[in-house]
Amino acid sequence: MDGELVPWEQAKVHVTVNALHYGTAVFEGIRGYSQNEEIYVFRLRDHLKRLVESAKIVMFNNPYTVEQLQDAVIKTIRANGYRSNVYIRPIIYAGENIMSLNARELPIRASIIVFPLEKFFDKTGLRVCVSSWRRLPDTSMPPRAKAAANYLNSILASTEAKMMGYDEALLLDHQGYVSEGAGENLFLVKNEVLATPPISSSILEGITRDTVIKIASDQGFRVVERQISRTELYTADELFFSGTAAEITPIVEVDGRRIGDGAAGPVTSKLSKLYHNIVRGLEPRYKEWLTPVYGSK
Ligand code: PMP
C-alpha cells in the first residue's frame, strides 16, 4: 500500500476515500501461473501500461511509472511466497476527500493485492443472454479506461443475467452492435474466420483479446475486428469469451439459442489449449509475454 508491504488484516482504507464515494479508481486484473515452482506473470508490462493509461484518461496525478509498479508486483508476490496460480489486482485510487469532484486536486494512492485463484467460471460452457443494459458509451464514460465506476454498468448487466438464470451477460453498444461481456471480450467464429467487436464498439481493449488475435493469426486463422449484429450471434459456429479471469471460455447458448452443437467448438478448443500452455511457459515462441517471479532477479 503506497509503497509499503502491509499484512492483509491491516490493509485498510478510511471511509472518506473519494474512490468509495465516486468510484474514482483505476485498476488491473492480472494472472500469475504456476509451473515447476516458478510463477509466470502473463503480460505484466502490458497490463501496467493500460493501468497508467487509465489513470491518464481520468486525470489522476499518478506518480507511479510502469517500471515502479512492475517491481512492486513482483515484490508483493515474493513477499507472500506464493507458488500457486495467483490473481494480481493493482489499484490506483483517489484518497481522502469526499467533497471534491476535481481529479487534479485529489490525493492519489495505490495498492497491489495478490491472492490465489484457479478457475473463474466453474463451467465448461456458458449460457449467456443479451442484456437489457447497454455498454456505456465513450461519450459518457470511457470504456477504454479500466475504471472502477465503469463496473456499475457491468454489475447491473451481470446481476440481471444471473437473476434470470444465465451465467453471464452480453452487452450491446449504443448503436445496437455487440460490445462485450460484463468482464470479458467476445469472439465469434463462422466458417473458420474469427470476428471480434472493434475498439469503437465501447469495449475494454482486452489484453487476452490481443493475445487471441495474435495466436489465432499465427495458427493461420483469419481474424477481423468489425461490428457484429446481435443476430449474428445466433448463427455463429462458435462463440467464446476472452479475459484475464475468464481466460478462453466457450459460450454454448445465447438467448435460448444453442451455439454450434452446444459444446466447445474445435477452434475455441484449439486456442484454449494453446493459451493454457502459453501462460505456463510451455510455448517458447511466446516467452516474451512472461515475467518469472522468482527467477527474474
Ligand atoms: N472487458 C471488460 C469490461 C473487462 O473487465 C475485462 C477484464 N479485464 C475484459 C474485457 C478483458 O480484458 P483482459 O483480457 O485485459 O483481462
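The following dialogue explains the terms applied to this predicted model.

Author: In this predicted model, local features need pLDDT of at least 70 and side-chain atom pairs count only at pLDDT 80 or more, while totals for chains, interfaces and linings use all residues. Residues are numbered from 1 along each chain as its sequence is written, and side-chain values use heavy atoms, with hydrogens and water left out.

Reader: Why is Gly220 called exposed?

Author: Exposed means over 50% relative accessible area, buried means under 20%, and partly exposed lies in between, with a 1.4 Å probe and protein chains only. Gly220 has 64% relative accessibility, so the residue counts as exposed. Gly220 is placed in the loop between helix 5 (207-218) and strand 11 (222-225); helices are DSSP runs of H or I with at least four residues, strands are runs of E with at least two, and both are numbered from the N terminus.

Reader: What makes helix 5 roughly perpendicular to helix 7?

Author: Axes are lines fitted to C-alpha atoms, for helices over the stretch in contact, and angles run from 0 to 180 degrees between N-to-C directions. Helix 5 and helix 7 (residues 266-279) pack at about 110°, with axes 11 Å apart. Angles of 65 to 115 degrees count as roughly perpendicular, under 35 as roughly parallel, over 145 as roughly antiparallel, and the rest as oblique. Helix 5 is therefore roughly perpendicular to helix 7.

Reader: Which residues of helix 5 and helix 7 meet?

Author: Thr208, Thr211, Val212, Ile215 and Ala216 of helix 5 meet Leu271, Leu274, Tyr275 and Ile278 of helix 7, where contact means heavy atoms within 4.5 Å. This contact has 7 nonpolar, 2 polar and no charged residues. Ala, Val, Leu, Ile, Met, Phe, Trp, Tyr, Cys and Pro count as nonpolar, Asp, Glu, Lys and Arg as charged, and the others, Gly among them, as polar.

Reader: What makes a group of residues a nonpolar core?

Author: A nonpolar core is a set of buried Ala, Val, Leu, Ile, Met, Phe, Trp, Tyr and Cys residues joined through side-chain atoms within 4.5 Å. In the largest such core, of 29 residues, Phe60, Ile77, Ile88 and Ile92 touch the most other members. Helix 3 (66-80) is one of the elements that supply at least two residues, and helix 3 gives the most, with 5 residues. Apart from this core lies another, of 23 residues, among them Ala216, Ile248, Trp289 and Leu290.
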